[in-house]
Amino acid sequence: MSMNRGERLKAIEQRIAKLKFDADTKAAAALSAASEAQDVRDSLDALRVQGENRRTELTGSAAIRCGETGRANGASSIKNR
């Protein structure tokens with residue numbers, strides 16, 4: 001069955017419309033995925049900063065405790081001499 005020129009043009013226009021719709025749908029999905037990926041990156045960055053802050057707190061606390069212990073031991077060894 002052969003199509004006349006008008007039918008071929010209509011079929012081409014329908015195909016173009018479908019391809020445009022598919023492209024728009026995929027573009028919207030890509031934007032959504034990019035937004036979700038940015039949200040995950042932001043969340044991971046916040047966790048990294050939180051971890052670094054906690055490590056700094058713990059390291060600082062440990063250094064203070066070691067320093068106080070060292071001073072206390074040093075003071076008692078001086079006293080005991």
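**Salt bridges along the helix**

1. Arg48 and Glu52 both sit in helix α1, four residues apart, or about one turn of the helix. This is a predicted model, and in it Arg48 forms a salt bridge with Glu52, with 3.1 Å between the closest N and O atoms. Arg48 is partly exposed because its relative accessibility is 43%, between the 20% and 50% limits. Glu52 is partly exposed as well, at a relative accessible area of 31%.

2. Lys20 makes a salt bridge to Asp24, and the closest N and O atoms are 3.0 Å apart. Lys20 counts as exposed because its relative accessibility of 52% is over 50%.

3. What spacing do Glu57 and Arg54 have in helix α1? They are three residues apart, which is also described as about one turn of the helix. Their side chains meet in a salt bridge, 3.0 Å from N to O. Glu57 has a relative accessible area of 46%, so Glu57 is partly exposed; Arg54 is likewise partly exposed, at 46%.

4. For the overall tally, the model has four salt bridges. Those discussed here include Lys20 with Asp24, Arg48 with Glu52 and Glu57 with Arg54.

Technical notes:
Residues numbered from 1 in each chain as written. Predicted model: local features only at pLDDT ≥ 70, side-chain atom pairs only at ≥ 80, totals over all residues. Heavy atoms only, no water. Buried < 20%, exposed > 50% of the residue type's maximum accessible area, 1.4 Å probe, protein only. Helix = DSSP H or I, 4+ residues; strand = E, 2+ residues; numbered from the N terminus.
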